[in-house]
Amino acid sequence: MNRLEEIKEKFDNLERIGVISSPSSTASLSIDILGTAVNKRLVGSLCCFNFIQDSLDHYALGQITEIDMRNNWIEGPTIRSLIRQRGTVDPITERQDYHFAKMNVGSVLKVSNGVEPSILGTIPSTGTPIKIMNDDMMEALLADYSSQFSYLGKIYGTDTKMPMWFKHFGDKKDGGNGEAYHIGVFGKTGSGKSVLSKMITLSYAKNKPMTIFILDPQGEFTKLKNDTQIIEIFKNKLNKEIQFINIKHMILENIDLFKRILAMSGFMSNLSIFTSDKMEQAAGALVSWLLNGSKGNINLSNIEMKIQNFYKEAVFNEVINIFSDSKFVSKFYATKDTIERTIEKAKEIQSSNFEKNNLFKLWSQVCNLFTNSGNSDKISIRKLVEKIVGTDNGQFIIIDLSEDSIDDNIIWNEEIRKLVINELLKTIKTVGSEQYKKNQSLNTLVVIDEAHRIIPREVTDDLDITKELISTIKDGVNTTRKYGIGWMFISQTLSGINSDIIKQLRVYIFGYGLSYGVERQSLKDIIGGQDDYFNLYQTFRDPESGMGTPEFSFMAIGPLSPLSFSENPLFFTTFNFPNEFLKLNFSD
């Protein structure tokens with residue numbers, strides 16, 4: 001049996017639920033539902049029909065987005081009056097009901113010697129059978145590509161697996177996309193977006209040359225550390241090490257970063273330096289003096305003066321000494337009162353062990369971000385990123401930036417977190433640019449969880465770092481696709497994300513909870529205001545409703561599946577994670 005005959009046989013075995021009716025167009029088909037199928041759950045179902053185009057067999061696939069029912073006999077006042085009195089009127093009610101559906105075609109496959117993508121360039125005749133897809137037909141149609149698929153869930157409302165592809169960002173000759181994709185996963189808390197995002201990143205990890213960086217502000221992905229099944233998959237199936245890194249394992253090296261963290265740490269306010277601009281000036285003057293002006297100082301003669309050694313107590317003691325020097329303080333203060341205030345406070349600290357010890361602890365907490373003292377496993381951000389360059393096997397790196405990953409030895413807050421994220425992202429961009437100049441792709445996906453906190457639509461504070469971070473990411477999504485760097489944003493909100501970044505996404509995935517207020521309008525804008533898709537999205541059940549097993553359903557737009565070569569959304573429900581997902585995607 002040749003390929004065409006096999007596909008025809010599978011198609012013949014499918015269940016017929018309707019026929020093409022009128023009016024229909026290449027954008028949307030009207031379907032008359034057969035009487036044998038009116039009691040079936042058809043909304044969301046993936047259907048298929050066969051037609052001839054350019055003398056070749058074609059198979060079109062699409063989801064039913066809505067079903068309507070009409071009964072012309074009961075729309076007149078006379079019959080309605082009877083129904084109001086009797087409830088039913090035989091043989092008019094029920095028997096004369098007419099069910100029809102709307103089907104939007106997502107993909108068309110041409111079958112000759114093999115199976116190739118095509119388009120719906122004509123409209124099949126009325127009466128053309130519409131059939132429900134199943135796994136057998138899907139496998140027959142897509143057999144040439146089966147090794148490329150991952151399975152994250154089932155087609156919405158059915159038991160048919162939805163094939164998806166998550167190709168790496170390298171050369172097409174090596175099985176890649178040839179370019180990077182930017183992805184957004186959106187849904188309210190409890191919608192399953194974190195579960196889905198884990199499935200997506202693990203599916204990308206199946207590509208040997210691909211690296212995934214996950215920035216984990218809340219520690220959600222770090223929980224994989226305790227999942228023995230996941231660890232075994234990386235070890236035995238992917239031949240990759242899943243790396244869990246937190247800020248205690250990383251060394252910051254940027255001098256300007258040290259100045260900024262020191263200025264915002266509260267260290268300067270302990271020296272009676274209060275305004276933010278003066279704190280920054282004082283931090284800059286101090287670092288300049290330590291790196292240059294301290295040479296020849298007898299108290300520091302045995303210390304190589306570099307940022308990695310600032311944590312030493314001798315350096316701290318000299319810092320307090322220098323703040324009691326009027327010549328130094330005049331570098332950032334001009335009036336006599338302010339100069340004397342800082343000098344007096346520095347001398348007071350010198351004479352009080354309690355104040356001195358507390359300030360030394362704060363100094364150490366800042367400096368420990370920039371030193372590997374006592375921890376030989378620490379690695380600089382630059383070296384961490386460079387590890388992915390020139391390797392045959394990509395890496396899977398989860399960077400835990402949550403509060404739980406920090407101890408009292410390190411200073412940490414939301415602003416410092418953003419500074420570290422900004423430094424990491426700028427380094428990834430820089431390394432990607434360097435590789436691009438060598439005609440090499442970095443082949444990396446950068447995942448940012450809790451993205452609404454990192455790149456908000458509106459900046460409500462005056463912190464320059466928030467604006468800087470947004471600028472870094474905006475520049476990244478605009479320029480790094482050619483470097484082989486894709487970005488994936490996970491967020492509880494769609495409307496709360498910077499709109500310039502949203503516009504650059506290639507793939508959108510929406511979970512439950514975006515049907516109200518400004519979220520509703522933002523979602524409708526992305527799907528082109530098509531009410532039938534939005535209405536189908538609104539049928540998603542709240543996973544936390546408390547009734548039955550939680551069901552995580554999603555609407556996806558973009559090149560995620562061979563079932564949609566157009567911009568038409570696809571609807572699916574995720575598998576159980578990790579058991580069902582791992583069984584279908586990583587078993588022998």
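A nonpolar core is a set of buried Ala, Val, Leu, Ile, Met, Phe, Trp, Tyr and Cys residues joined through side-chain atoms within 4.5 Å, where buried means under 20% relative accessible area, exposed over 50% and partly exposed in between, found with a 1.4 Å probe on protein chains only. The structure above is a predicted model, in which local features need pLDDT of at least 70 and side-chain atom pairs count only at pLDDT 80 or more, while totals for chains, interfaces and linings use all residues. Residues are numbered from 1 along each chain as its sequence is written, and side-chain values use heavy atoms, with hydrogens and water left out.

**Nonpolar cores**
- The largest nonpolar core has 105 residues, of which Phe267, Phe323, Trp363 and Ile473 touch the most other members.
- Apart from this core lies another, of 65 residues, with Phe169, Leu196, Ala205 and Ile214 among them.
- Trp363 is in contact (heavy atoms within 4.5 Å) with residues that include Phe258, Leu262, Phe267, Leu286 and Leu290, when its neighbours within four places in sequence are left aside.

**Helices H8 and H11**
- Helices (H or I, at least four residues) and strands (E, at least two) are DSSP runs numbered from the N terminus, and helix H8 (residues 313-322) packs with helix H11 (residues 353-367) at an angle of about 115°, with their axes 11 Å apart.
- Those axes are lines fitted to C-alpha atoms, for helices over the stretch in contact, and the angles run from 0 to 180 degrees between N-to-C directions.
- On the H8 side, Glu313, Val315, Phe316, Asn317, Val319 and Ile320 meet Lys356, Leu359, Phe360 and Trp363 of H11.

**Helix H7**
- The 18 residues of helix H7 (residues 276-293) should span 26 Å at 1.5 Å a residue, and this agrees with its end C-alpha atoms, which are 24 Å apart; the expected span is 1.5 Å times one less than the number of residues.
- Among the buried residues of H7 are Met279, Leu286, Trp289 and Leu290, and what covers the buried residues of this helix includes helix H6 (255-264), H8, helix H9 (326-329) and H11.

**Helix H17**
- In helix H17 (residues 517-526), the residues Glu519, Ser522, Leu523 and Lys524 are buried, and the buried residues of H17 pack against strand S18 (507-510), helix H18 (531-537) and strand S19 (553-557).

**Lys110**
- Lys110, which lies in strand S5 (residues 98-111), is partly exposed, with a relative accessible area of 23%.
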